[in-house]
Amino acid sequence: MVQYNFKKITVVPNGKDFVDIILSRTQRKTPTVVHKGYAISRLRQFYMRKVKYTQQNFHEKLSTIIDEFPRLDDIHPFYGDLLHVLYNKDHYKLALGQINTARNLISKIAKDYVKLLKYGDSLYRCKCLKVAALGRMCTVIKRIAPSLAYLEQIRQHMARLPSIDPNTRTILICGYPNVGKSSFINKITRADVDVQPYAFTTKSLFVGHTDYKYLRYQVIDTPGILDRPFEDRNIIEMCSITALAHLRAAVLFFLDISGSCGYSIAQQAALFHSIKSLFLNKPLIIVCNKTDLQPLEGISEEDKKLVMEMKAEAMKTVIGQGGEPTDNLGVLLTMSTLTEEGVIAVKNAACERLLDQRVELKMKSKKINDCLNRFHVAIPKPRDQKERPPCIPQAVLEAKAKEAAAKEKRKTERDLEDENGGAGVYSASLKKNYILANDEWKEDIMPEIMDGHNVYDFIDPDILHRLEELEQEDGLRQAEEDDDDFEIDGKELTPEEQQALAEIRKKKSLLIQQHRVKKSTAESRPIVPRKFDKDRRFTTKRMGRQLSSLGLDPTLAINRARSQSRGRKRVRSPDRGADDVMDMDVDTPNKKLRIQSRSRSRSKSRPPGEVVPGEGFKDSTQKIKAVKLAKKSAKKRNKDARRGEADRVIPTLRPKHLFSGKRSTGKTDRR
């Protein structure tokens, strides 16, 4: 079966690009260095090679163009007439003829100049002959530039043509514009043809594919046809006429009985009779579309008479195929693509009619005898009157029953909700999943008060033990509160003490506020040395006077403030006790004295053997052993001065392969 794939045609370059491609290839593929000291035979051979190579390249390119474009006389008549309608057969053949003439001229030019080069007597003469030969070849190509541009446009348009197989099972849809042809092909195939409420939305052939009885059918949507003379029809209409004339297909003639397409039934009937000669030897079906707007029974008598005449013409195709005259079920069908009523029936009828015709033609062909002897249909004959039903093992039946039970859908809460009144009416039960000894207890109502007692008091068996623990904990907390002397309760104080406490709290809040103000402006406030603080605010004397005025002893507070403001001494502080100094030996080194005289506030370093949570060691012994093993493993590497994973790495800043050797002319960006 021949496949027509016009998408594989090679791109046709224009005249200027053609010359550039060939000359640049000649320059790249042939030698370029020649000296006048060479022997004359070598010079002649050098330039003859360039001329021959250029001629060969031109010949190959032009031959590719001529061979890949289809020859109208050799391809299927459908494609031949379609290309003639779209591109004008005369112009197409003329352009290919000019390409062929140019190919012959270039071959003749190369032959002539190779003869002249055989008698070249110098380098200059040979070079001039080569330049003249290549120049004349390029001139020939430039003269056919319009033909090359025309063929490139044809190639681009042919690449967009649908891939139609003229020999396969085909359903052809035709009729007036805007009668529902594109809507029908969109319904029965996966094609996506544009559908608009105006005429000539479809301007070319569109192809879709559908299946019927495990066979693939090709569905072609044709542009609308108007009822006018053959000479007045445009290219869009001629595409439809070409398909009807040459494709062996089932024809669906669409009829808009509602008149919404803008054409009456009489006009559509006139079109049918004007092109009925194209329906010969093809299964024909009259499809009355848009029955949702106007049913077939509701049209007028004149229109119904016209439809019956069209039906009678379609019946002739049934008789021509060997059918019965009374068999008119698949000739006149009604359909609505909007509501999809009758769409599948129309598709099935067309496929069935086409299949019957193709089978009948094959049965009448000469090849049928070669095929029949390969088939033998064996029909068993009954040997007695005994019935022998199929025997299915019991295990198989049980397995099928289990599969059917497993496929049953489990009811969800949504299904139960829909069955019992929907949302707002149905209330899901939370008790049905309770695990109880008896399922009948699930829906029982649990009492809150029974026999005068709260039921929840008796649910926990350890409730008395927990109550005792709570009472003990409460007693401990009460004892701690009684022993706490730091909390001042206003109820235990006299009126004078309560007043003093209120003054202290007020003063404390003021100090806190002043401190916050100072802290907020600390960055912008200049630091004033103490000797310039003439007001002497916040001194120990002032604090003593204020505490004395409140009736409190300021001695402890003043001593504490002085001890905090005193700096760390270099010798041992006397408040740590003289006994420690007396116990110390006189020969104690100074370093040990410094260690012992450090401030108490300084934190001590953690011993290396102490285990920190999260390190993964069981105890300090295991950690010390691990540290020793780590040091031992690093000792040999350190001794050899090898680089370890913790060593600092300085890569080579000037790699030798980039900064060594001579620098040649050219770009040095990579350096």
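## A salt bridge and its network

Which side chain does Arg228 meet in a salt bridge, and how far apart are the N and O atoms? In this predicted model, the partner of Arg228 is Glu237, with a distance of 2.2 Å from N to O.

Side chains of opposite charge can pair when their charged atoms come close. The count of salt bridges in this model comes to 17, and two further examples are described below.

## Two further salt bridges

One of them joins Lys290 to Asp256, and here the closest N and O atoms are 3.2 Å apart. Lys290 lies in the loop between strand 5 (284-289) and helix 10 (301-320), while Asp256 lies in strand 4 (residues 250-256), so the pair ties together parts of the chain that are 34 residues apart in sequence. Both partners, Lys290 and Asp256, are buried; for Lys290 the relative accessibility is 15%, which is why this lysine counts as buried, the cut-off for that class being under 20%.

Another salt bridge is formed by Glu473 and Arg477, whose closest N and O atoms are 3.2 Å apart. In this case both residues lie within helix 15 (residues 463-483), where they are four residues apart, or about one turn of the helix. Glu473 is partly exposed, at 38% relative accessibility, whereas Arg477, at 52%, counts as exposed.

## Strand 4 and its neighbours

Which strands are joined to strand 4, and in what direction do they run? Strand 1 (residues 170-175) is joined to strand 4 by five bridges, and these two strands run parallel; in this pairing, Ile171 stands opposite Ala250 of strand 4. Strand 5 is joined to strand 4 by six bridges, again with the two strands running parallel, and here Leu255 stands opposite Cys288 of strand 5.

## Positive phi values

Most residues other than glycine have a negative phi, and most peptide bonds are trans. Against that background, Asn281 has a phi near 60 degrees, a positive value in a residue other than glycine. Asn281 is found in the loop between helix 9 (265-274) and strand 5, and with a relative accessibility of 68% this asparagine counts as exposed.

Lys290 likewise has a positive phi, near 60 degrees, although it is a residue other than glycine. The place of Lys290 is in the loop between strand 5 and helix 10, and in contrast to the exposed Asn281, Lys290 is buried at 15% relative accessibility.

## Patches on the surface

Where on the surface does positive charge gather, and which lysines take part? The patch is made up of Lys52, Lys111, Lys115 and Lys118. Of these residues, Lys52 lies in helix 2 (residues 40-68), and its relative accessibility of 40% is the reason it counts as partly exposed.

A patch of another kind is nonpolar: Ile392, Val396 and Leu397 form it on the surface, and together they have about 220 Å² of accessible area. Val396 has its place in helix 13 (residues 394-407) and is partly exposed, with a relative accessible area of 35%.

## A glycine in helix 5

Gly135 is found in helix 5 (residues 123-143) and is partly exposed, its relative accessible area being 33%. The C-alpha atom of Gly135 is separated by 10.0 Å from that of Val19, although the two residues are 116 residues apart along the chain.

Notes:
Residues numbered from 1 in each chain as written. Predicted model: local features only at pLDDT ≥ 70, side-chain atom pairs only at ≥ 80, totals over all residues. Heavy atoms only, no water. Patch = residues over 30% accessible without salt bridge, like charges linked within 9 Å, V, L, I, M, F, W, Y side chains within 5 Å. Areas by Shrake-Rupley, 256 points an atom, 1.4 Å probe, with all protein chains shown as cover. Salt bridge = Lys/Arg side-chain N within 4 Å of Asp/Glu carboxyl O. Lys, Arg positive; Asp, Glu negative; His and termini not counted. Charge placed at Lys NZ, Arg CZ, Asp CG, Glu CD. Buried < 20%, exposed > 50% of the residue type's maximum accessible area, 1.4 Å probe, protein only. Pairing = 2+ DSSP bridges.
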